[in-house]
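Please read the numbered points below with the structure open beside you, and look up each residue as it comes.

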Amino acid sequence: MIPISVCIIAKNEEKNIEKCLAPLMPYNFEIIFVDTGSTDRTKEIARKYTDLIYDFEWVNDFSAARNFSLKKASHNYVLILDCDEFLTEIDLDAIYRLIEEHPRSVGMLLRHSYYDNNGMQVSYPDRVERLFHKRHYYYTLSIHEQVTDVHTNGTMFERYDIPLTVDHVGYCGGVESMLKKAERNNSLLLKEIEKHPDDPYFYFQVGQSYNAIEDYENAYTYYKKAFELPIDPQQPWLPVMAQAYLLALNSTGREEEAIAFFESRYDSFAGDAGFHCTLGVSYLRTKQPMKAMMEFVKALQCPNVRSEGVNTYLPYHNIGLVNEMLGDLPSAITFYQRAAAYHYRPSIEKLNQFGVTTQ
């Protein structure tokens, strides 16, 4: 058994903290809890699960708080969780084996981030770097902090997947909560841009903040700026930005610009279901149904999924739209039915228009 410290930072998370800490109890983790200024019952609830509670004066720097929590950990291997992340699956024996096989590398847990879309609660799965040896890694950047190699001060290192899954509910706080979070994040990100004006990562993250509150005009501005700067093609966030930029372009009536931009970079992003599905929407809206159909079919064939539905009900629904556009109503209904099987509301509404009942 390799001892592991779970490190958590928090502020005013009384609604989430118990759901975060309770699932950790069966696994004999050391739990390091760092509070950055709570005024609610967060610390009181946390004390039910750990005595290792520390106060850290907030200095507008998430990495500073993270690194403080690492220093308080008595074990070398640390697992980082956020208060709005709840453990759902774990194979601890397998994690121990993987640590022994990758002692200097960084483990990536699987996170399902939940949000509302067309009346459905859907999830966005991604892998995030959360398990490492604290003598070899630390955090940098004041916001959207990154795991950094202490020896190279870089973020390019070996990563491996670990059998640990969490549900992330940080995007389920309602409009007002999301607006406050976007304002807080962007105030820090814009300061980082002042210090690092040629780093595309910060422009990408500002775009993500605007994307989360559906301010696609501002999201478009920052994604575009990021793509104008040199980007390492190996950056794990690049495919995420490509799909998000496509969404912003489509959402602001810039479908022609989207097609021109991504047709010249097609091979760099092909094979990603979200990319094919979103580019297909660009073709569909510019009345290029056969090109749209090809992209939706490619999305269905992709095994990798960055956003829920991009290789199931979304391409099914859009293939239905293509067939309806081409006048093939029976085929359209067939694909709407396939999407409706996932309870996708726009497909259900389409079937209702055609007098087709759904279960």
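1. Leaving aside residues up to four places away in sequence, L247 touches N211, Y216 and T278, where contact means heavy atoms within 4.5 Å. L247 is found in helix α8, which covers residues 238-251; helices (H or I, at least four residues) and strands (E, at least two) are DSSP runs, numbered from the N terminus. With a relative accessible area of 32%, L247 is partly exposed, a term for values between buried, under 20%, and exposed, over 50%, computed with a 1.4 Å probe and protein chains only. L247 and P197 are 50 residues apart in sequence, and their C-alpha atoms are 24 Å apart in space.

2. Please keep in mind that this is a predicted model, in which local features need pLDDT of at least 70 and side-chain atom pairs count only at pLDDT 80 or more, whereas totals for chains, interfaces and linings use all residues. Residues are numbered from 1 along each chain as its sequence is written, and side-chain values use heavy atoms, with hydrogens and water left out.

3. The axes of helix α12 (residues 289-301) and helix α13 (residues 313-325) come within 9 Å and cross at roughly 155 degrees, the axes being lines fitted to C-alpha atoms, for helices over the stretch in contact, with angles from 0 to 180 degrees between N-to-C directions. The two helices, α12 and α13, are therefore roughly antiparallel to each other; angles under 35 degrees count as roughly parallel, over 145 as roughly antiparallel, 65 to 115 as roughly perpendicular, and the rest as oblique. In this contact, residues of α12 including M293, F296 and L300 meet residues of α13 including Y316, I319 and V322. By class, the contact of α12 with α13 has 12 nonpolar, 2 polar and no charged residues, where Ala, Val, Leu, Ile, Met, Phe, Trp, Tyr, Cys and Pro count as nonpolar, Asp, Glu, Lys and Arg as charged, and the others, Gly among them, as polar.

4. Helix α14 (residues 329-340) and helix α15 (residues 345-353) have axes that come within 8 Å and cross at roughly 140 degrees, which makes α14 oblique to α15. From α14, the residues I333, Y336, Q337, A339 and A340 meet S347, I348, K350 and L351 in α15. The residues of this contact divide into 6 nonpolar, 2 polar and 1 charged.

5. How many disulfides does the count come to? The count is 0 disulfides, a disulfide being a pair of cysteine sulfur atoms within 2.5 Å. C277 is in no disulfide, and the nearest cysteine sulfur, that of C302, is 9.9 Å away, which is too far for a bond. C277 counts as buried because its relative accessibility is 4%, and C302 counts as buried at 9%.

6. N16 is found in the loop between β1 (4-10) and α1 (17-21), and at 6% relative accessibility N16 counts as buried. Not counting residues up to four places away in sequence, N16 touches C83, D84, F86 and V169.

7. Phi of N28 has a positive value near 60 degrees; N28 lies in the loop between α1 and β2 (30-35) and counts as exposed, at 63% relative accessibility. Phi of L141 has a positive value near 85 degrees; L141 is placed in the loop between β8 (137-140) and β9 (146-149) and counts as buried, at 18% relative accessibility.
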